[in-house]
Amino acid sequence: MAQTRTVTGKVTGSDDGMGIPRANITVKGTTRGVPSGLDGTYTIDVAANETLVFSFVGYITKEVLVGNQTTINVALEPDFAELEEVIVVGYGSQEKKEITSSVVALDAKEFNKGNVNDPAQLLQGKVPGLSIYNKGGNPNGGATIRLRGISTVGANVQPLVVVDGVIGASLDNVDPNDIESVNVLKDGSAAAIYGSRGSAGVILVTTKTGSRGGRGLTATYNGYVAADQVFKYQPVMTPSEYVAAGGNDLGSETIWQEEITRTGITNVHNIAVSGGTENTTFRVSTNFRNVQGILKKSGFDQINARANIDHYALNDKLNIKFNMSLTNREQEFGFNEAFRYAALFNPTAPIRNPDGSYFQAILFDNFNPVAIVEQNTNIGQRKNLNFNTQLSYNITDNLTWSANYAQQFSTFSGGTFYPSTSLFVGFNRTGLATRRTDENRFTLLETYGTYVADLGNSNLTVSAGYSFQEDQSTGFGMEAGNFPTNDIGYNIISASGNILGDGANVSMFSYESPENRIIAFFGRVNWNINNAIFVNASVRREGSTKLGADNQWGTFPAFGVGADLLQYIDVAAFSQLKLRAGYGVTGSLPGPSGLAQDSYSYGFGGGGSVSFNRAANNDLKWEEKAEINLGLDFGLLGGKLSGSLDVYTRDINDFILERDVDPAVYGTNRRYENAGKLNTKGIEFALNHSGIGSGDFSWAPGIVLSSYATTLEEFVTDRQVLGNLGSPGQNGTNMILTAVGDKVGQIWGPVFSGNVDSEGNPVFVDVNGDGQLITGAGNALDADADFEVLGNGIPSVEIGWTNSMTYKNWDLNVFFRAALGHSLVNTFRAFYEPIDPGAINSYNRTKTDLQIPELTQALYSSLYVEKADFFRLDNATLGYNFDMSGSEMFSNIRAYLSVQNAFVLTNYEGIDPDPSLTDDGNPLIPGIDRRNNYYTNRTFTFGLNIGF
């Protein structure tokens with residue numbers, strides 16, 4: 001055996017001189033080897049006649065004969081062919097340089113860090129034009145996602161999600177730890193290949209898989225524990241302030257908001273095992289999540305399992321993929337109403353009476369918040385199962401055929417129970433219980449072929465295919481009261497037949513949708529001319545059973561062109577300069593089924609009756625969106641600084657809306673029709689640096705900015721005011737103006753002058769100067785009304801600022817997020833800030849710096865519309881990577897600490913300045929901060945990432 005010696009050295013990149021961490025240093029012809037440390041250094045025992053092989057992804061492999069050397073420093077050359085980024089797009093992939101549309105690709109290292117329970121949170125603030133807001137911190141509440149603003153006023157308002165090629169897959173069935181990359185198709189030319197499903201944009205999710213090469217089994221563990229705390233309580237009077245203001249002193253001191261909240265503890269554990277041979281790879285993972293919300297009795301327990309298998313056969317001509325995922329989530333929803341009542345309930349009232357029962361004053365809209373949380377039950381269970389099989393066969397070197405079959409099943413069962421002692425809901429009915437079950441089944445079958453032709457100075461890629469989609473939903477539910485006992489909870493519904501006696505108030509419902517189908521034929525051509533001009537064109541011909549017989553089919557074309565300007569002009573400062581333009585048409589379908597058929601309902605009262613409640617519309621057609629996008633991609637400083645600029649305009653026509661119609665013509669007064677038009681114009685900018693610094697320190701900053709405005713160009717009514725403020729006392733007070741020719745999101749109302757009359761009423765401004773004050777809620781649209789635009793609920797600018805830093809074994813990620821230009825109606829202030837001498841006896845009051853001491857009457861006006869600009873430290877994560885180069889068991893260990901929502905700079909007096917982009921699902925009503933919104937939290941996380 002040859003005598004060995006110890007060789008040390010450092011592996012660097014020749015492009016920047018920086019050490020390459022985790023580079024592979026192996027002895028040629030053997031299985032012996034070591035990885036480089038985080039600074040690129042290594043130590044290995046080797047004989048003089050042996051050869052060291054240095055390799056790393058993205059660099060050209062280098063071999064060095066050891067000889068008599070004891071120090072070997074190696075600078076690896078970048079492999080530019082390998083580094084050419086491939087972007088997943090609809091039904092295939094393209095090299096990044098060939099993309100002519102607006103597409104953003106993110107991998108795992110670019111995702112948001114910390115306590116992430118919703119995959120959408122990974123992208124928040126990372127993609128220009130993609131708005132993601134989960135107002136408050138409800139663990140069971142989904143995020144509102146908007147790509148380039150409002151895409152429709154109908155059902156298809158959120159982007160289409162495609163997981164591993166499965167259209168319409170649920171993000172709820174993907175654990176954030178299992179996601180490898182996310183690509184966002186932002187403009188119409190990119191999304192048109194998906195037809196009606198892509199009108200709101202497309203988010204392509206690729207999950208992690210095993211690696212080929214016979215490297216054996218690898219395992220990873222990712223886990224963390226997190227603590228959520230209330231970031232800000234509603235500002236209300238303390239017990240002593242309440243009594244001093246004239247409140248009714250009941251002898252106790254109760255901070256109700258603290259009584260219904262807690263420090264929510266989250267535990268997350270992800271275990272994954274992967275491996276592979278030259279022909280077969282696999283990855284299986286299991287994820288456990290136990291999440292407590294800051295509201296007591298809210299949160300969920302979840303287990304998710306995922307398996308990906310990938311097999312190659314017939315000399316790699318045949319590729320078979322199988323993916324499966326199963327999620328079971330047990331949920332406690334709690335009662336968000338408790339937040340509202342905790343802010344207004346008498347702070348001198350006790351939680352319980354001396355006999356142990358809950359204290360409750362008999363007052364309108366005033367309930368003991370602790371009793372709401374503790375007495376009542378609101379739970380559910382959600383299950384998702386999806387699987388898909390993909391086949392790909394290289395018929396020739398130039399022709400590939402692919403097929404994809406998938407099914408997704410989702411079920412939800414839930415129930416609420418209010419005992420007979422619950423004054424909140426159940427008291428007047430001697431208890432109340434509800435149960436419901438909903439099921440959905442989705443089937444997908446797609447097949448397409450791809451032909452690649454080398455034409456000498458150009459390359460041509462042609463794809464054509466067929467898509468079949470089918471979904472069906474069914475459900476059942478019932479409600480009952482007048483129970484003989486409270487001991488069984490909502491299971492009382494099935495416990496005894498005697499609940500059907502007098503006073504039971506039993507009601508039931510069931511539904512089943514038709515088998516809704518979408519059938520489509522699609523094709524695409526990509527033409528690369530001299531690696532300088534890039535042309536993309538696609539068309540999708542799609543039919544849906546949801547539309548009228550005469551309009552079931554629609555055509556959705558797209559065209560894009562890009563030019564690498566550096567092939568034609570010499571601009572020394574730029575390493576990349578590509579101009580691109582795209583045009584695309586997408587469609588949108590209605591949410592309900594059967595709109596081309598008459599709809600009837602059956603009632604049991606009076607011996608039974610049939611009601612004709614909606615007329616058919618055989619002419620109902622596709623909602624359509626046409627979009628033009630111009631973009632510029634650029635690189636500076638040898639590619640270290642890169643960015644993009646996009647401007648766009650989009651027109652959305654023929655909304656699918658339920659309208660009032662003439663009963664004399666249609667037999668009923670309701671029918672779905674096509675009406676309306678929106679135009680959105682916007683601009684987006686992104687700038688990223690790959691790393692600033694020298695030696696052991698590197699800082700990689702990045703910033704994204706976006707701005708858009710939406711104008712309502714046509715609608716069913718020229719002017720209307722939506723968004724009812726509500727009770728007590730302000731029912732019929734609507735706040736959001738929807739007017740043809742104006743921007744969407746305008747907050748509308750009377751203007752407070754700053755003065756108060758002798759009776760404590762606000763004095764409003766005579767806006768039109770006609771000597772009359774007309775400010776009643778019913779006069780909001782009158783020509784002589786003294787109303788004006790008080791703000792807009794949609795931000796004019798959204799900003800995300802990323803900072804990734806490394807120093808030796810340490811890494812620090814700091815992410816800031818901001819939104820500017822939007823306003824919010826602070827409904828807490830609008831109801832509870834004025835100190836009414838009568839109401840103060842029973843209700844606590846909101847206390848802010850904007851309070852007018854003399855004001856006693858709660859009347860909506862500009863006083864309660866606040867600018868909500870903010871700058872937030874969304875996430876800061878500090879990690880330490882342990883050097884495991886000498887370990888035979890561990891490949892890596894990383895520990896980290898994270899804080900989310902660390903601070904917010906804002907003048908907004910409410911608890912959360914995040915925009916409210918919708919109200920009760922209506923995107924035309926942004927800007928209302930409702931009283932039942934879940935409180936915002938601040939989260940501290942400790943986690944471990946371990947590789948075996």
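Me: How many bridges join strand S27 to strand S28, and which way do the two run?

Reply: Strands of a sheet pair through backbone hydrogen bonds, either parallel or antiparallel. Here 12 bridges join S27 (residues 516-529) to S28 (residues 533-544), and the two run antiparallel. Two strands count as paired if DSSP finds at least two bridges between them. Helices (H or I, at least four residues) and strands (E, at least two) are DSSP runs, numbered from the N terminus. This is a predicted model, in which local features need pLDDT of at least 70 and side-chain atom pairs count only at pLDDT 80 or more, while totals for chains, interfaces and linings use all residues. Residues are numbered from 1 along each chain as its sequence is written, and side-chain values use heavy atoms, with hydrogens and water left out.

Me: Which residue of S28 stands opposite Arg-524?

Reply: Ser-538 does. S27 and S28 form a hairpin with 3 residues between them. In the turn, Asn-530 has a positive phi of about 60 degrees.

Me: What else does S28 pair with?

Reply: S28 is joined by 11 bridges to S29 (residues 553-564), again antiparallel. Find Ile-533: Ala-563 in S29 stands opposite.

Me: What is the strand order in the open sheet of 4 strands?

Reply: Read across the sheet, S3-S2-S5-S6, with antiparallel pairing. S3 (33-35) and S6 (62-65) stand at the edges, each with a single partner strand, so one side of each is left without a neighbour in the sheet. Neighbouring strands are turned by 20 degrees against each other on average, direction ignored. For such angles, axes are lines fitted to C-alpha atoms (for helices over the stretch in contact), and angles run from 0 to 180 degrees between N-to-C directions. S5 (residues 51-55) and S6 share 4 bridges. Phe-54 has Lys-62 in S6 as its bridge partner.

Me: Which order does the open sheet of 3 strands have?

Reply: S4-S1-S7, with mixed pairing. S4 (41-47) and S7 (74-76) are the edge strands, each pairing on one side only. Neighbouring strands here are turned by 35 degrees on average, direction ignored. S1 (residues 4-13) and S7 run parallel, joined by 3 bridges.

Me: What pLDDT does the chain average?

Reply: pLDDT is the predictor's confidence in each residue, from 0 to 100. The chain averages 88, and 95% of the residues score at least 70. Over residues 495-500 the pLDDT is below 50. Beyond near neighbours in sequence, that stretch has 9 contacts in the model (heavy atoms within 4.5 Å).
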